[in-house]
Amino acid sequence: MFFNFNKRILCLCFAIVIPAAQMPIFAQTQDVISTDKIETTSKYVNQINGMTADELVAYALANNPELEAVRREVEAAKALIKQANLRANPNLELSGSKNPVTPSNSLMVRGSLPLELYGRRGARVKVAEQETEVRRQVLADRERLLAAEVRSKFGETLGLVLKLLFVEETLTVTTQNYKLVAARVNEGKTAPLEQNMEAVELNRIRAMRETSEGQTEIALLELKNLTGMPPEMPLLLRGDFADLLNPLPPPEIAVEQALVNRPDLQAARALVNLAEARIEQAKAQGKLDAGVSAGYQRMNSGFPFRAFDSDAQLAPIRSVFHFVTFGVTLNLPVFNKNQGTIESAAAEKTAAQKRLEFGELTVRREVAAAFVRYESAARAMEIYRAGVEKLAAINLGVVRQTYELGARSLLDYIAEQRRYIQVKNDFIDAQLQVYLARVEVLRAAAAPELITK
């Protein structure tokens, strides 16, 4: 019993608990129940225009602000790859000098270009690429976890809706019971105490309904928050726990799939590769590097004296000289060969490898635990379905009939009704646990069907 609570189903349910002689009295009750359920269903559930778990996952992947922030971090890392590919800029130096006493002055222009020998630029690019890969896998892992969170919250909200519908069904039946007892009290066939007892039970269930509706509203708000919806945006759910019967991959295949596809393990492997790239970069930076330079110098030199020129005329002693300069600058790794940086990068690689090994162990444990949880939850749900929920409904019908025949007291019927309410809620919880366990299996195994893009 999930959402389509029509009149035919309700007649079938109450045929167990209502004697044939009193069916006309409760004919109006069935109409009231159907109306209440339609109102509640339209408020939280719509099997035509509502959103399924898959649609909510797709919406969350596209609109969750936290996920969008991680995507921007990936874009930032990609930009760093572009930056790492750029060659080093040349240097240009312009200088001049002037003698304050003599008319001598000079002007010099000099340029230099670093060569980045021994693959310095390639090592820098590789480090940037591995950093981007780490962030890309972190994004994929966040998408995997968000998809599982949305599916789990969808199931929890759905379970609360089912409980709310059942509480409203019980409230409607209890309201009719109260009216029936009140009529008997007015006719003098029943003591007024029974009316008070039924009133207490009616108000208790009314309080249960308010609590249940509050929990449903809160769960719906949490689901909206996960998907990136504003709180005031309307949201209707569509679906049920039908995928409980869908087959899961065998445990050994799920483990193999998880070891290959889990983004968190991929990120751990990327961290190992990043540490290796940093080792290569540190080694390249510890080797010989060089830069070439070239320049031009114009020097105007003179003295505060006069001398005879080639025409036997007195002229200032002054001459202009032009120089072209060139050279090579060498960075000699005599003392600093980046020894500490290389050792640090090697230690980081060892740490990354150990984290990867532990991550693989954790993945194996998570998959195994998820299957244990799923199998035990499925067995418990089947026990509830076949051996508890149906029998509890039959028991309630029998106790009701014996109460109406005078063989049982109203307290016996109320106690059995409370027991049935608890059993029904426990059965919904059992269904929810199977659903959540299934989501956990898919999350741990990084199953492709978990994420909808």
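Biologist: Before we start, what does exposed mean here, and what does buried mean?
Modeller: Exposed means over 50% relative accessible area, and buried means under 20%. Keep in mind that this is a predicted model.

Biologist: Okay, take Leu92. Buried or exposed?
Modeller: Leu92 has a relative accessibility of 71%, so it counts as exposed.

Biologist: Where does Leu92 sit?
Modeller: Leu92 is in strand β1, which covers residues 91–98.

Biologist: Which residues does Leu92 touch, leaving out those up to four places away in sequence?
Modeller: There are Val109, Arg110 and Gly111.

Biologist: And how far is Leu92 from Gly295?
Modeller: In sequence, 203 residues separate Leu92 and Gly295. In space, their C-alpha atoms are 9.2 Å apart.

Biologist: Let's zoom out. How many helices and strands does the protein chain have?
Modeller: The protein chain has 10 helices and 4 strands.

Biologist: In what order do the elements run?
Modeller: From the N terminus, the order is α-α-α-α-β-β-α-α-α-α-β-β-α-α.

Biologist: What share of the residues is buried?
Modeller: Of the 453 residues in the protein chain, 42% count as buried.

Biologist: What about the accessible surface of the chain?
Modeller: The accessible surface is about 24700 Å². Carbon and sulfur atoms account for 58% of that surface.

Biologist: And the contacts between residues at least 6 apart in sequence: what share joins residues at least 24 apart?
Modeller: That share is 82% in the protein chain.

Biologist: New topic, aromatic rings. How many aromatic pairs are there?
Modeller: The count comes to 3 aromatic pairs. One of them is Phe241 with Tyr435, a tilted pair. Their ring centres are 5.4 Å apart, with 45 degrees between the planes.

Biologist: Where do Phe241 and Tyr435 lie in the chain?
Modeller: Phe241 is in the loop between α6 (192–227) and α7 (251–261). Tyr435 is in helix α10, residues 410–445. The pair links distant parts of the chain, 194 residues apart.

Biologist: Are Phe241 and Tyr435 buried or exposed?
Modeller: Phe241 and Tyr435 are both buried.

Biologist: Why is the pair of Tyr403 and Tyr413 called stacked?
Modeller: The planes of Tyr403 and Tyr413 are at 15 degrees, so the pair is stacked. Planes under 30 degrees apart count as stacked. The ring centres of Tyr403 and Tyr413 are 6.1 Å apart.

Biologist: Which helices hold Tyr403 and Tyr413?
Modeller: Tyr403 is in helix α9, residues 339–404, and Tyr413 is in helix α10. They are 10 residues apart. Both Tyr403 and Tyr413 are buried.

Biologist: What about phi at Asn338?
Modeller: Asn338 is not a glycine, yet its phi is positive, at about 65 degrees. Asn338 is in the loop between β4 (314–331) and α9.

Biologist: Asn338, buried or exposed?
Modeller: Asn338 is buried, because its relative accessible area is 14%.

Biologist: Last one, Thr190. Where is Thr190 found?
Modeller: Thr190 is in the loop between α5 and α6. Thr190 has a relative accessible area of 16%, so it is buried.

Biologist: Which residues does Thr190 contact, beyond its neighbours within four places in sequence?
Modeller: Thr190 is in contact with Arg184 and Val185.

Technical notes
Residues are numbered from 1 along each chain as its sequence is written. This is a predicted model: local features need pLDDT of at least 70, side-chain atom pairs count only at pLDDT 80 or more; totals for chains, interfaces and linings use all residues. Side-chain values use heavy atoms; hydrogens and water are left out. Helices (H or I, at least four residues) and strands (E, at least two) are DSSP runs, numbered from the N terminus. Buried means under 20% relative accessible area, exposed over 50%, partly exposed in between (1.4 Å probe, protein chains only). Contact means heavy atoms within 4.5 Å. Rings of Phe, Tyr and Trp (its six-membered ring) pair if their centres lie within 6.5 Å; planes under 30 degrees apart count as stacked, over 60 as edge-to-face and the rest as tilted. Accessible areas come from the Shrake-Rupley method with a 1.4 Å probe; for residues, only the protein chains shown count as cover.
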